[in-house]
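Student: I'd like to learn how to read the places where chains touch. Could you take me through them step by step?

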Amino acid sequence: MLAGGCLATGVVVGPRLARTWIGLTVTAAVAALGAAAVVLAGGTDWEWRSGFAVAGEPLHARLDAMSAIFLALVAVVGGASAVYSRGYWSDEGYPDSAPRGRRWLSAMVLAMVWVLLASNGLHFLIGWELFTVSAYFLVTLDRGERDARAAGWLYLAASHLGTLCLFAFFGLLAARTGSWELGPMRENTALAPLFWLALAGFAVKGGVFPAHVWLPSAHANAPSHVSALMSGVAIKMGIYGLVRFSGWLPVPAAAPWVVIGLGAVSAVLGIAFALVQNDLKRLLAYCSVENVGIILVGLGAAMLAATHGDGPWGRLALAGALLHVWNHGLAKSLLFFGAGSVLHATGTREITRLGGLWRAMPRTAGLFALGAVAICGLPPLNGFVGEWLVYLGLFDGATAGGRPAWGVAPAAIALATAGALALATFVKASAVVFLGAPRTKLAMDAHESGPWLWGPMLALAGLCATIGLAPFFFWPLVARAAGAWRPSAMAVEPLAPVATLGLANVVLALFFVGAAAWLWRRVHAEGPRPAPTWDCGYAAPTPRMQYTGGSFGGIAATWFSWALQIERTVHRPRGPFPVSASRVERVPESVLEWVVAPVAGLVMRASAAVRRLQHGRLQFYIVYLVAGLAGLGLLVLLEGNP
Amino acid sequence: MTNAINLLVGLAMGLNLIALGSGRLPAIIRAMAVQGVVLGLMPPLMETHFDWMVTLVAVVTVAVKGFVIPGLLQRALRAANIEREVEPSIGFVPSLLLGAGGTIAAMALARVLPLLPEHAGSLLVPGSLASVLTGFVLLIGRSKAISQVCGYLILENGIYLFGLLLIRATPLLVEAGILLDLTVGVFVIGIIVDRIQRAFDSLDTRKLTVLRE
Amino acid sequence: MIPLLLILIPLAGAALAAVWPSERGRPWLLPAVGAVHCALCLWLLVNPPVVAPNAWWGFDPIARAVLPVVSLLFLACAAYAVSYLRVRTERRNRVFVASLLALLGLLSAGHQARHLGLLWITTEAVTLAAVPLLHFNGTSRAYEATWKYLLVGGTGIALSLLGSFCLGYASLHGGGTGDLTFTALMAQGAGLSRPWVLIAWVLLLAGYGTKMGLAPMHTWKPDAYGEAPGIVGALLAGGVTTVAFTAVLRVRAVVDAAGAGAVTGRTLVAIGLFSMLVAALFLLGTRDFKRMLAYSSVEHMGILVIGAALGRLGVWAALFHVWGNSLAKGALFLSAGNIRRAAGGRTVDDVSGMSAITPQSAAIFVTGMFAVTALPPFAPFFSELRVVRVALGSGHAPAAGMFLACLLFAFFGLTRVVFAIVDGRPKPAARGGDKRLRESAGVVIPPLLLLGLALWLGLATPEVLRDSWTAAVDQLFPTP
Amino acid sequence: MIAVVDFVLRLALWLVLAPLLPGLITKVKAWVAGRRGPPVLQLYYDLARLWRKSVVLSTLASPGFVAGPAVAWVAVLGAALLMPLGPAGGALSFKGDVLLLIYLLAVARFCTAWAALETGSAFEGMGAAREVSYAVLAEAALITAVLSLSVQTGSVTLATMLVPAAGAGAVLLAAGLFTVLLAENCRVPFDDPTTHLELTMIHEAMVLDHSGPPFAVILHGASLKLLLFALLLCQAVLPLGGLTPPVAAAVLAAGVLVVTVGVGLVESLLARLAFRRVPLLLTTAFLFCLFALLLAWRGGAV
């Protein structure tokens, strides 16, 4: 309640009183976090009914372990990006849009909290729409920017498609059950087909692969604190919807297979697209598609298990997926903050124009690297714990045998491939941006960002490390949430020796640091001799000779060329003394450009054809009238005489 | 009594054909005016005993439909000094054929329609249908505003004819209101035609295609 | 007595306006009469009068369910008109004000007419009363629009007259007295001769559909809405169409009573979906933001008709939607008027960045756009959701699917145009500097109030309104 | 107490024995080529010498340039300690440790690639790019192999899952894992550790700029990794279950020796593949493991 209050006032006072607003938002975040923690730790759901009716439906809020997981994430990232925005989108820098930004940020967080709490279909939809629209206004905060507007519109359009699916979903649900109340209704098997509508609606929001078309441009063109919020939290709302309704409704037999398949495809193709991006934020956005895929794999495994004898391994995978929701949310927000600082310092998002930033902005570089390690799922950080749990679930599923094995084993292999690709992607992202020599003047003039920027990053990094090193604190929480998905006798907790893993992680971390320090001391014992990079004999290597991100991802890109459809325009050097040569690569938004655009073209052609009928000739208008009359007459004639 | 009515209706149908066939605007206007007068005469004839209300309605109808509107249109015509309907989108011969065919079809349709015995013999239904059709043909097939107005009037005359079936059933007040509305409506149209003539100084509606899509 | 006052006071006001001497004073008649009318309406809404079953006039449940919103809309437009006419001093406003008041009176009459003939008379009168409003701007475009409005609308209304006669003849032929009061016709019920009833249904639907602006009889709408002042557009979209819609509802009740319910349902769904489809396709490509509103109105007429086709619950939702749509559309038209005046252009090609020039109006425009595209918690969201829910519940799944698809396309079109106009860099053509055109409280508050009403209606629909809609449904479906 | 001793012993074993393998391989190659070749302990000498040397640091390098190799080395060592030594089992054994092992190798890869990119040298970038790219296929193959093992043993714990399948499964797995071993350890035919034409190298190209102690750490880490894979391969295909500890240990040692010699033979008999053929070979390895998995299913739980 307190959180809601603070956020609501934040919407009101946000525009004017920046400091108060941050205070309020952080308070709200802490309050929400507290509520979530209480529910997760205590294990008793928090339920609140009020006689007060909104839109004819009495308010009914429910916070169970499942929604608490997401609520905690909303709280943390919401608070962090609020603080970050203070430095990143300051009133000095953006006098007109900063106040608007504060208002919409509060509104968006508030709406997301509302969605998580609502246990009434009507209220869920209300919150959902408000959250979508406020996100739109956040993306297009910089109204002058054409790209941002285009991206925002694409986002809005795609989301509306999803929303209409949810219209149908909730409409059918209400029509079949006779009330808007939500809750477990697994026994009512007539509702099973509805899951497809929910899947369509929530997949668009979650950025699952074929439906991800809006995601890259929106996340790339939004202000970075918004990107963090959207990529870290907003797409998780789609996940929330899927998890929630796959748990509450009966699912059709084919659904688990579809979900796990979608997950695998998103994981591999998403990261493949990320690998070849040259726009840092776009790369991060595509990486979100991958992580959504990982989460969906976990969910799909859980659904498979639930429909095939309810083996405990499903819960294990689901718990892993839920933990990954947290991990990805934290790490991805951290990375987007880092990208924001880079953008703030250099004014460009193009990887090929950056380089050597670690000198100018060591803090950002370090935190970004940490985020990269976390998002690659490498021990000893949090990303690994989540993926490890998902893997355990999948392996147990495979060893359990039966038909589910045919779903989970390929998924595990897909995850491994995606993991390796992610590693390549983030080596490229962090190394090309922060290491080596500055490639352009922009990168040379970079400067470290202020505490408002690196403060939140530090906090998020701390959380990443905490989850990684002390997973046994968080394991019971996610395990409880996984239990709240569909009540079952099996307890998940004993299935995974998380404590041991945590111990291993701690030891590893200690040894990593120790060894690094030791070697460092050894190297600096007698002063190392500085020298230019020995570039196989080149006297003076220039920054342009460095390996570019494009060529770094080149090898793996060729394996996915069928999906990436990279367009190259090569201008080869000619003659003994070539004057100029160039090689431009463009990575198209395959799905958008090869699938969506043609369909849209068809529709627009139809529209043009119809609009030509309104040509201004009155005579024909009367012809239309007569035609309408005739048509109605015909209809009645056909219907009328039985 | 019915014969008299039928005679008048037949006359009205003939006038339809004239309006369809003639290319000269004054002729169309005249045909429309005469038809208005003819229709105006009908209600009193149908009433068995004298009713001042009906007479009043008839007088008003005759006055407006027979003289005021035609006069207005004539004025617009003079102002625009056009005589003929040039290049109609449906030629005169085709429209004439359409009208004739429509009349025959109306006759046939009137046989099919379930009518009360006392109306079975009367030409009212076919007449009204034929006039409605004529009205549509003029509205669609002519390009001069004036001839379209005439078409609209003939359309309404047709409906008026049908209304006569109910003259005993529906209270006179309603009839009067309807008539009033029609006349006012046509009057307004006349005014707008006049304004258009001033704004575009032409009555060729093919010029009125600025607003599209 | 009061119901008649609803009609007479505005007409008296019109007469007064016609003779009122001062150009500056005359506009104040509008809010005055509007306020009185509104007060009366709301009073009647709260404690409805008893209507004699065979009365020709009367504030019966249907009127009670719809008329108040028209009155509210008129009040807002009237308040807006005062400031608006002060800006447009170059035009004489005698005829304008008089016709506006006459329009209000005739609208009240149309909603209260319980006699087919009277209903037709008032509808035709409304059509005629709107003519001087349409060409208020006096441009050649305005005259062209008026001309098309008159001929298309007139032809349609003529058809509905023919339809009324056919219904009367159906009664005669069925052995009735040919009494055209709806109660009598419904009482005769199955006694009506079926073929004539069906003919009448086709003609009446086509006729009143033309007034509503259902495709393909909608062709007059974009021209009229595009050329008329914002007030007129708002009243046409929120008031005149409503009369036609109630007419369709009343007629449908008769035809259902005659035992042709299935036919009416099918035809209504068909024409409704067709209208939505056509409107959506037009919206996808439209560039003129006032004509855009017209097509959006066509779309919403389609929604109303589909709701009306879906039985008791559907009609209930449709009545709800009448309220939501009228209010939101009103706000849209009024704010669009402000933007249009300040921008000096009408298409996305020569208008942009209006959020810089007319911030409030732009904000209202965007919000209103979201409201009509069913963004919660505005009223249209709930009504449309109800329509979807009813359609899905009553086994019209394909229709519901197409309904949603049309909503999607319409949303694409609307957002594209609206954001193109609001965002971006202002065009030099924009006359933001002109003091006369700068937005004053008088032209901002009314649309804001309308939006507020739409919001309030969505968040907490007052009990009395729900009752009134239920009563209207009971009147339309006497045997549940 | 016992635990500590055990831990220290293992550590010593790994640290000491690992550098033996590269020496053996070079010896085998020399023998095949009919030369005497460098002594088996050459790598030990190299490591000692490198450790004493001072360091040349690129002006562009950040602290990560030194930290990278250290972390990578620790990661590989950690993975090695997870690997059970026949009957002795692993230092730390828990459900899912195999995944930790795989991901520790990934950590090592991350750090080596990172350190390689520190200096902004084109060649090291090239090497890093190849390393991380080919690792994609190698990792897929590895996880499939592990999957097949755990399917047939019904366990996700290294200590219990390293029980070979009978017959074809084991052969397929051996083929697959051996190929992965070659790829992961940058041996011919994927990479040539001896050549000095940078364009043709993966691992060597990545470490061009390293010198002194960090380079020593890198080399030692590489040898650890080789030993690790050799052990994995052996225990995945050699049935040690029934044997008494000493015999098992002996068999295991023999197996590792055989693998090493095999690598040496391959290196001397095969030529390096053109880089665009590498994916093909790795895919074949992946398919081997996949078939092993299918066999495990057919014979196993289903």
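Student: How many residues of chain A are in contact with chain C, and how many of chain C with chain A?

Tutor: Keep in mind that this is a predicted model. Contact is judged here by C-beta atoms within 7 Å. Chain A brings 45 residues to this contact, and chain C brings 53.

Student: Which elements of chain A give two or more residues to that side?

Tutor: They are the helices α5 (121–139), α6 (146–177), α23 (590–611) and α24 (618–640) of chain A. With 14 residues, α24(A) gives the most.

Student: And what classes of residue has the side of chain A that touches chain C?

Tutor: That side has 31 nonpolar residues, along with 9 polar and 5 charged ones.

Student: Let's turn to chain D. How many residues does the contact take from chain A and from chain D?

Tutor: Here 65 residues come from chain A and 69 from chain D. The elements of chain A giving two or more residues are α15 (382–400), α16 (405–434), α20 (498–525), β3 (529–531) and α21 (549–559). The largest share, 13 residues, belongs to α16(A). By class, this side of chain A has 50 nonpolar, 11 polar and 4 charged residues.

Student: Which residue stands opposite R529(A)?

Tutor: Look for V56(D), in β1(D): R529(A) stands opposite that residue.

Technical notes
Residues numbered from 1 in each chain as written. Chains lettered and ligands numbered in written order. Predicted model: local features only at pLDDT ≥ 70, side-chain atom pairs only at ≥ 80, totals over all residues. Contact = placed C-beta atoms within 7 Å. Helix = DSSP H or I, 4+ residues; strand = E, 2+ residues; numbered from the N terminus. Nonpolar A, V, L, I, M, F, W, Y, C, P; charged D, E, K, R; others polar. Pairing = 2+ DSSP bridges.
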